[in-house]
Amino acid sequence: INVTDTAASAPKLPTLPDAQTVTEVKHWTDRLFSFRCTRPASLRFRSGEFVMIGLMGDPDPKTGKQKLLLRAYSIASPSWDEELEFYSIKVQDGPLTSRLQHIQPGDQIILRPKPVGTLVHDALLPGKRIWFFATGTGFAPFASLLREPQTYEDYDEVIITHTCREVGELQYGHDLIEALKSDELLNDVIGEGFWKKIKYYPTTTREESPKMGRITDLMRKGEAFEDLGVAPINPQDDRAMVCGNLAFNLEIKEMLEGYGLEEGANSKPAQYVVEKAFLD
Ligand code: A2P
């Protein structure tokens, strides 16, 4: 990576390859933030995919060379959006997020425009209901898919579950779902009231809230299905996308297999797909 100094009169920003400009930053809790940045004109992606983003690290004290700090981040904005949005954890000693959490509008980040991922509609066979299962920052790809018209074209019902430790960690998802009601594009394309197809099931595990417990336990007890007023998961009607911490992914994968669903991929669509949530 070459870091080129700009002319003295220009803003003192290094011109990095693949640089994009931050346009908005929102801090949700002391552990979570989201930000928006410009979108490279050449970047096409499918809602639910991820890209590598990051910053230049400090220069190596010996060589003076700067290392690139890159991580895989789900794109939280839908494929039609002019800008890109990301939803991130802040890890105080995390190599990237300890720095990334301080970005401000006007700053530059590095974005490799090569989107990939399995949480895409193409990796699932047609069905009646789609379940989005998220923990923590695993909500990010669903923030994209919930704003994607195809989600509502392909399914009669869209169920999003989000399990977090604390109430404040649910806010980003809660606000996003509320905003769908007045989303002009989706109301125009899908029809007014499209958002009534959505069933939102937020739960917390370490702070009091209207619904407490891990989604896995709530499903095992049948409580989640009762609360949602839906039949238990079956391979004919249900499709699922999973994005959370490793233990959660493994547990819910086993449960979905138990309901008779098979894991799909871009090359072989099936009934559910899984991806790790970002942890720095
Ligand atoms: P818990 O508080 O009981 O560990 P984290 O912030 O550690 O990534 O966790 C996000 C949420 O995921 C927490 O509410 C956590 O619950 C929950 N969680 C962790 N492991 C599992 C699992 N195996 N199944 C379901 N939920 C889980």
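**Entry 1: helix α4**

I began with helix α4 (residues 171-180), where the buried residues are Y172, G173 and L176; helices (H or I, at least four residues) and strands (E, at least two) are DSSP runs numbered from the N terminus. A residue counts as buried if 20 or more other C-beta atoms, placed from the backbone, lie within 10 Å of its own, as exposed if 12 or fewer do, and as partly exposed in between. Viewed down the axis of α4, the buried residues fall within an arc of 95°, so they line one face of the helix; the arc is that of the directions from the helix axis to the C-beta atoms. D175 and E178, on the other side of α4, are exposed. I then asked what the buried residues of α4 pack against, and found β2 (32-37), β5, α2 (140-145), β8 and β9.

I note that this is a predicted model, in which local features need pLDDT of at least 70 and side-chain atom pairs count only at pLDDT 80 or more, while totals for chains, interfaces and linings use all residues. Residues are numbered from 1 along each chain as its sequence is written.

**Entry 2**

In the loop between β8 and α4 I looked up G168, which is partly exposed because 15 other C-beta atoms lie within 10 Å. Apart from neighbours within four places in sequence, G168 is in contact with W28 and T29, a contact being two C-beta atoms, placed from the backbone, within 7 Å. From G168 to L180 I count 12 residues in sequence and 20 Å in space, C-alpha to C-alpha.

**Entry 2: the parallel sheet**

I traced an open sheet of five strands in the order β9-β8-β7-β10-β11, with parallel pairing; two strands pair if DSSP finds at least two bridges between them. Its edge strands are β9 (198-204) and β11 (272-276), each of which pairs on one side only. Neighbouring strands here are turned by 10° against each other on average, direction ignored, with axes fitted as lines to C-alpha atoms (for helices over the stretch in contact) and angles running from 0 to 180 degrees between N-to-C directions. Strands β7 (residues 129-135) and β8 (residues 157-164) run parallel and are joined by seven bridges, and R129 has E157 in β8 as its bridge partner. Between β10 and β11 I found five bridges, again in the parallel sense, with A240 standing opposite Y272 in β11. Although β11 is an edge strand, four of its five residues are buried.

Helix α8 (residues 246-258) lies across β7, β10 (238-244) and β11, and runs at about 165° to β10. The residues F248, I252 and L256 of α8 are buried, and because they fall within an arc of 60° seen down the axis, they line one face of the helix. What covers these buried residues includes β7, α6 (215-220), β10 and β11, whereas L246, A247, E254 and G258 are exposed on the other side of α8. Just after α8, G260 takes a positive phi of about 100°.

Strand β3 (residues 50-59) pairs with β4 over eight bridges, and I53 stands opposite R71 in β4.

Beyond four places in sequence, S88 is in contact with F33, S34, Y73, T97, L100, T137 and F278. The C-alpha atoms of S88 and D107, which are 19 residues apart along the chain, are separated by 17 Å.
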